[in-house]
Structure formats: structure tokens, C-alpha cells
Amino acid sequence: MIIDELAGIAHDPRKSVDEHIARTGKKAIGCFPVYSPEELVYAAGMLPVGMWGGQTDISKATQYLQSFCCSIMKANLENGLNGVYDALSMAIIPTFCDTLKCMGEVWKTAVPKPECFTFVFPQNRKLEAGVDFMRSELERLRARLEGISGAKIGDGDIERAIAVYDEYRAAARDFVKTSPSYPLTVNARVRHNVLKAAFFMDKAEYAAKLRAATAELKALPPEDGGSRGVVLTGLLAEPDGFLDLFADSRLHVAADDLVQESKQFRVDAPKEGASPLDRLARRLSDMDGCSLLYDSARTRGQKILGMVKDTGAAGVVVCMMKFCDPEEFDYPIYKKELEKAGVPLLYLEIEQKMDSAEQLRTRIQTFAEMLGA
Amino acid sequence: MEQKTESSKAVLGRLLERHYQEALDEKAKGGLVAWATSISPQELLETMDIKVVYPENHAAAIGARKQAESFIEHSEGNGYSVDICSYARVNLGYMEIQESAAGNIPLPDLIFCCSNICNTVIKWYENIANELGIPMILFDMPFNHTYDVSDESTTYIRRQLEEAIKTLEALKGKKFDYDRLKEVMKISTETARSWKAATMLATAKPSPLNGFDLFNYMAMIVCMRGKQEGLDLFNLWKGELEEKARLGLGPWKDAEEQYRVMWDGIACWPYLSDTYKVLKKYGINMVTSTYPDSWTVIYDAGDLDSMARAYSSNYVNRNLDFGVDNIAKIVEDFSLDGIVYHSNRSCKFMDFRQFEVQRRVEARTGVPSVIFDGDQTDPRAFSLAQYEMRIQTLMEMMRERKEGGQ
């Protein structure tokens, strides 16, 4: 099935990126978590590549980072120090949290290639002043990308890139809406890897594949394996060994509130705008319910409750990335809201490289049993 | 007559008490109280006569009184991770317990948050605003990955200041008085200059100041920067230090200053006297830290652009190159023999560049240094034995270097 092909790409991102570069002659630009203005990279005729850590053994990175740094950043730095990202022409490092601010600075010192571009996302993203600042950052990135490609990025190029990305986002939304009907075929691991493949492919190609994959699914009769659906929330849900515990306990993902997954494609660019960069800047204004974006209204809990209601999920699983301050600050607030609404909640601490995923088996099993799986 | 002989330390105690009492009184009579981050544009609140208290100050005081643990445990019981900033855990616990032997503060009606110290305060203050259902004003100060503050950042911040003024006008139901703002800005700048000048007197050898006193006066520069009393206090303190320096007096009556170090990072409040005594035992005087510059917020009175730039220039909002230059300059200005780096579990921003700062500063200045593990208020994250071992190591290195004639 096509979903297997996509999941395979997530398992070997290097191969996908290298092949793309060889096939198209395009340059590739790394994009650190959690959001990067990928549309602009795409408009520059380059391949945006997600840099979301990995199952890396940490050794050299300890010269720069203490043990209590999040595992994604430790893995990225280790990979950078080991030359794993040599094929990339640049890495965009945004400043969403204190750790990311340090990463940009450390990268400049420690990793000669790829060079880093620090992108400052405004937190007061709903104020016009914030939108203007975001636009000025986009202009700065545009100029740097033009320097790398040697070609101007026209407004038309950006409009086309936004259209490609909105199509990708629509395709991804359709996939996550469809997948809960096929809990056996699209188990938690497969679902995650299908969505993750987007970070290593041309988004137009990815969207076409994903649409075909979703159509393939829809042609199948819905599956009923007695599995119960849960909503996952957190930064990301990895590694595979962890996700396998869900299928083993007859749980599947009814919807996700993960930064690495649905939060990437929940919001489209607004249809209208003074310029394409304005549309990109205003997309940021519209993205709510994320721990990395200032949101004094704290809409996250209500959003999760909405997902539970819409999908009929039996409970919520918190995939807490160890040492992620923003996520750790959000938890007590939405926990209270979910408890008040009587939604069963399971809190799990995870790291990207987990030798101990098995230790979570009993907790997930017990939770599944409680939900009647 | 009595007032003239009052020491700056006595004034400090009195002013601090009054500062908290005034906020409590204001709350009691139904007025507006703000909670603000430690290096925020307090000028706007002062201009609007809004009483303000600083949770970081309060959390530090709770820590210094060895009271932090019960608040921290309360927050952790509510789901806060042991890995997040302990000031936040203390404060979010206090918000519910509302009773502390270190003094009480009224709950806020307004949140006033400035991200020039970290992104963590955005999350922390967002939670307060959310829990209490009160408005929040955020001054988002883009991280300066370039050496200086860019024009785009300055404009963005200035426009946020203007936006905040509108919000305050609506909250208080009165017009913002720009003449008064200019006056407050003038006092704030003078206070900042006086604070900086006082702390710079520690460049004398021996230093008339021990840096643990600096930590005490810091509470005042946080909450008194925009007030005439604050200016008077720092002028008084400066005078005292000048006099001590003139007489060639060092930091202690009963011991000589043998080595001079700086402390990088926040104090370990629950172990303030322990950390101090270990240094003193070896004749080590902590003459300064990165703090004096943190409140040296200097701008042109009345000019919001200049104010925006000044607030964004805080060293923890600056890039690594600036961080290194900053400490290297301190090493030179204060004739330091060594540096003590506090790897503070609460402060990821300071931690995750600390190793590189240490390497570069050492390469540039040749001054030895050590890093110890601790925390600003969580007493569980510090080991006195480890600290003392590191200090001994530092002393050995400093001694060898001195004997080597450097």
C-alpha cells in the first residue's frame, strides 16, 4: 500500500533527501522544530527538510549541552557535529523557546556546515506590530535564500508555494480524519510515520501520494478490531517502539494535538493578504493552542476537548517530551480542564531515544483496559 | 539626625517592607495590582500609578528564607514538572497558598510580562493570567542573535509599548500622562546609573563590596528603579562604598580579600549563606556578577524607541558573542582571579550556552573557572559538598596562576 511507502520514507529520511537532490538538482534547507516558514524555502526552488532529532547516541553534544536538555535538540546537535546534515545548504533555527535560542548560538560556533539562519518568530503574533515584524523576518530569510540559490524569489513563486502547502495541509487533514476508521492498517506507528514523511519530501509530491493513500484506504471496508481511539497531545510521539505499545494494547489514534503532526497542518494561510508574505505572517496569527506560541487565552484544553468530542475518543494520552518547558507549563492547565470534563487522561514522559519504552507498556495496557479496549 | 545616620541596609529593609505593604493596601482598597517580570518597562506602571510586585523577587525571598519547598511541592502536586523554573514553581504555588513567612504579596489584577529575560516567563505568566482570569500584557523582545538590537526589533517593541499604554488607559480609565512618563524615565535612568556606579566600586582592590550584598540590593533595583526613594537608596549605598574604598577597607572586617571572582547566574537562594561562607573561608570575594548590567537600563527620557532598545539589550537577550565579550570585560574591569559558573537547573537559557561561554572566556582571558550544579530556589538540586569541592579546585587553580606571576 502507499502508506507503507510513505512510512518507509520516514524511516530513511537521508535516502529520500539525497535522491531528491540527485533527481532535481535542487538544494535542501534544514528546518528546525517547531515551525519554519517552509513555503518560502519551497518558493526559492529548494527542498525544506524537517530536523526533528532522531534515535541518536549522544556523545559530542555533551560538550555544549547539559543532560537536562530536550532529546530532540541533543540529537540535532550531535548529528550536526557528526556531519549528518552535510547535504543541507542551510539550517533554519527558530527561537520558540530558551533551548532553541541557545541552539542557534551554539550551532554558529560548533557546526560549520550547514550554516545556520536564526529566525525570530514574534510571540505577539496577533498584534499588527507582530505581523509586521514577522514580515520583516520573512524578508530577511527571502534575501538569504536568494543568496543561496542565486535567483530572485518572486511574489508569484511564494503564492504558488502557499497553494502547494495549503493543498498538502488539506490532504493531511483528510488523512487524519480517515485513518481512525482503519485502526489496524493505520495503527499509531504507521499513522505517525506517514505524517512524518512530509518533512523529507517535496510537498506537492507528498500531497499527491497522501491523497492516493487516503483514497486507497477509503476503498477498503472500515475495520473494527475492538480498538479504542485516543487523542495524543504533546510535542511529538516517538519512537516506534513506544507507538507499538498502543496497537499492542488495542488503542489507536483518533486524533492528535501534536506539534510535529496536526499542528503543522491544522491552519491554512488566510486566503487574502496584502502580499504573500503578509499571508504567511498572518497564518502565524491564526495558529492557536500551541505551547510554543503565546496564547493568553490558553485555548489548548478546549481544542483537545473538541477533538475528543468530534472523534468520540475514549481518552487522552499526554506524550510529554522530557525537558520541554513550554509543554510542561501547558500540562497543568489543560489537565484541569480535561479532568473537569471527565475525560480519562494518561500522562507519559518520553524521550526520543527510549531504551525504556517497554516500561510504559503496563501503564498503557492498564489505561486501555480502563477504556474498555 | 537619626535619619542621616541610617545605613543603606536599614533603608533597604524599610523600603522593601513598604513596597509590599503598599501593594497589599492598594489591593485591600480595591485598586489595581500588577505582577511584573524583573526587567520590564515598569515606567508605564509607575506613570499610571499602578502598584506592582515582582514574583521573582518574592520567590527569591521565599527561597532565602528556606521556605521554597512547600510551595514547590504544591505546584508539583498540581502537575508542574520538577524540570521547570523553580521561581515559577514557587510563585504558582504561592498563588494558591497565599501565605508565606517571607512576607505576603497581593494577587494580581494584571500581568506585565517582558520576555527579555527568557521565554519561560511567557509560559509562567500566561498560566497565572489563565488561572486568575486576568489580562496580560506581553512585551515580546525578539532574541538578538545579531550582536546589537536591530531596527526592526526596536520598532516592534516600541509599538508594543504604545499598545500597552492603550491597554493601561482602558484598565485605569484615565489618560496616560507623557510628561509624567518622561519624569519617571529620568528617575529610572538615574537610579540605574547610580546602581551601576555603586556596583562598579567593587573594582577597587580590595573591594569594599562583597557580592552577596549585591544580591540583597538587587531586590531593590528590581522594585525601586522608577522611584525617587530608589535613587536615594543607591546614592546612599554608593556613598558608603566610596567611603570604604577611600579608607582601603575590604569586604570583611575579620578576613582579607585574597581572590576575586565573579558569579555567573542567579544565586542559590536557599544556600545563600552556605555558598558565601565557603568562598569566604578561602579568602575568595565574589566581587560582581552579570547582574549589575541587567538593571542598567539607560535610554533617553521620553523616547520610546530608545527605551525599546535599552530593554532589549539585556545580556540574556543577546547573542553568545556578546555574552563572551561581556564577561571578558568584567574579568578585566574587576581584576578577577576566577569565575564561578552556576549551572542553574532552573535556567535553561543560561545553561545551554554556559560551557561554550566558559571555554571562550577562558581562552581569551586565561582566568580559571569552575561550574557547579545548583538551582536558584529548589533546595533539592544543590550539594554543598560538590560546591565546596569545585571551589577548592578553583582556589588551587587561582593560587597556581598567582604564584606563576599572572
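This is a predicted model: local features need pLDDT of at least 70, side-chain atom pairs count only at pLDDT 80 or more; totals for chains, interfaces and linings use all residues.
## Two chains, two interfaces: a chat

Visitor: How is chain B divided into domains?
Guide: The assignment gives domain 1 as 2-176. Domain 2 is 203-211 + 249-403.

Visitor: How far apart are the C-alpha centres of domain 1 and domain 2 of chain B?
Guide: They lie 24 Å apart. The contact draws on 43 residues of domain 1 of chain B and 35 residues of domain 2 of chain B.

Visitor: What area do domain 1 and domain 2 of chain B bury between them?
Guide: About 3200 Å². Carbon and sulfur atoms carry 52% of it.

Visitor: Which three residues supply more than any other three on the domain 1 side?
Guide: B:Ile39, B:Phe143 and B:Tyr147. They give 19% of the area that domain 1 of chain B buries against domain 2 of chain B.

Visitor: And polar terms? How many salt bridges are there between domain 1 and domain 2 of chain B?
Guide: The count is 7 salt bridges. There are also 28 residue pairs in polar contact across that interface, both partners at pLDDT 80 or more.

Visitor: Which elements give two or more residues to the domain 1 side?
Guide: In chain B, they are α3 (42-47), α4 (55-64), α5 (68-77), α6 (86-97) and α8 (151-172). α8(B) gives the most, with 7 residues.

Visitor: How do the residues of that side divide into nonpolar, polar and charged?
Guide: On the side of domain 1 of chain B that touches domain 2 of chain B, 21 are nonpolar, 12 polar and 10 charged.

Visitor: Switching to the chain pair. How many residues of chain B and chain A are in contact?
Guide: 47 residues of chain B are in contact with 51 residues of chain A.

Visitor: What is the buried area there?
Guide: Chain B and chain A bury about 4400 Å² between them. Carbon and sulfur atoms give 58% of that area. On the chain B side, B:Lys123, B:His145 and B:Phe352 supply 17% of what chain B buries against chain A.

Visitor: How many salt bridges cross between chain B and chain A?
Guide: The rule finds 6 salt bridges. One pair to look at is B:Lys348 with A:Asp325. Their closest N and O atoms are 2.7 Å apart.

Visitor: How many residue pairs are in polar contact?
Guide: 26 across the interface of chain B and chain A, with both residues at pLDDT 80 or more.

Visitor: Which elements of chain B give two or more residues to the side that touches chain A?
Guide: α6, α7 (120-132), β4 (136-139), α8, α16 (348-351) and α17 (354-365) of chain B. Here α7(B) gives the most, with 8 residues.

Visitor: What about the make-up of that side, nonpolar, polar and charged?
Guide: The side of chain B that touches chain A has 16 nonpolar, 15 polar and 16 charged residues.

Visitor: Where is A:Val34 found?
Guide: In the loop between β1 (28-31) and α3 (38-43) of chain A. The bond from A:Pro33 to A:Val34 is cis as well, with omega near 0°.

Visitor: Which phi does A:Arg250 have?
Guide: A positive phi of about 60°, although A:Arg250 is not a glycine. A:Arg250 lies in the loop between α10 and β6 (251-258) of chain A. For context, most residues other than glycine have a negative phi, and most peptide bonds are trans.

Visitor: Overall dimensions, then. What radius of gyration does chain A have?
Guide: Chain A has 20 Å. That agrees with a compact globule of 373 residues, which would have a value near 21 Å. The C-alpha atoms of chain A fill a box of roughly 60 × 45 × 45 Å along the principal axes.

Visitor: And what radius of gyration does chain B have?
Guide: 21 Å. A compact globule of 406 residues would be near 22 Å, so chain B agrees with the rule. Its C-alpha trace spans about 65 × 50 × 45 Å along the principal axes.

Visitor: How many helices and strands does the secondary structure of chain A come to?
Guide: Chain A has 15 helices and 8 strands. Chain B has 18 helices and 8 strands.

Terms used. Residues are numbered from 1 along each chain as its sequence is written. Chains are lettered from A and ligands numbered from 1 in the order in which they are written. Side-chain values use heavy atoms; hydrogens and water are left out. Domain bounds come from an automatic or database domain assignment. Contact means heavy atoms within 4.5 Å. Buried area is the accessible area (1.4 Å probe) that two parts lose on being put together, summed over both. A salt bridge is a side-chain nitrogen of Lys or Arg within 4 Å of a carboxyl oxygen of Asp or Glu. A polar contact is a pair of N or O atoms within 3.5 Å; within protein, one must be able to donate a hydrogen and the other to accept it, and residues adjacent in sequence count only if both atoms are side-chain atoms. Helices (H or I, at least four residues) and strands (E, at least two) are DSSP runs, numbered from the N terminus. Ala, Val, Leu, Ile, Met, Phe, Trp, Tyr, Cys and Pro count as nonpolar, Asp, Glu, Lys and Arg as charged, and the others, Gly among them, as polar. The radius of gyration is taken over C-alpha atoms; the globule rule is 2.2 Å times the number of residues to the power 0.38.
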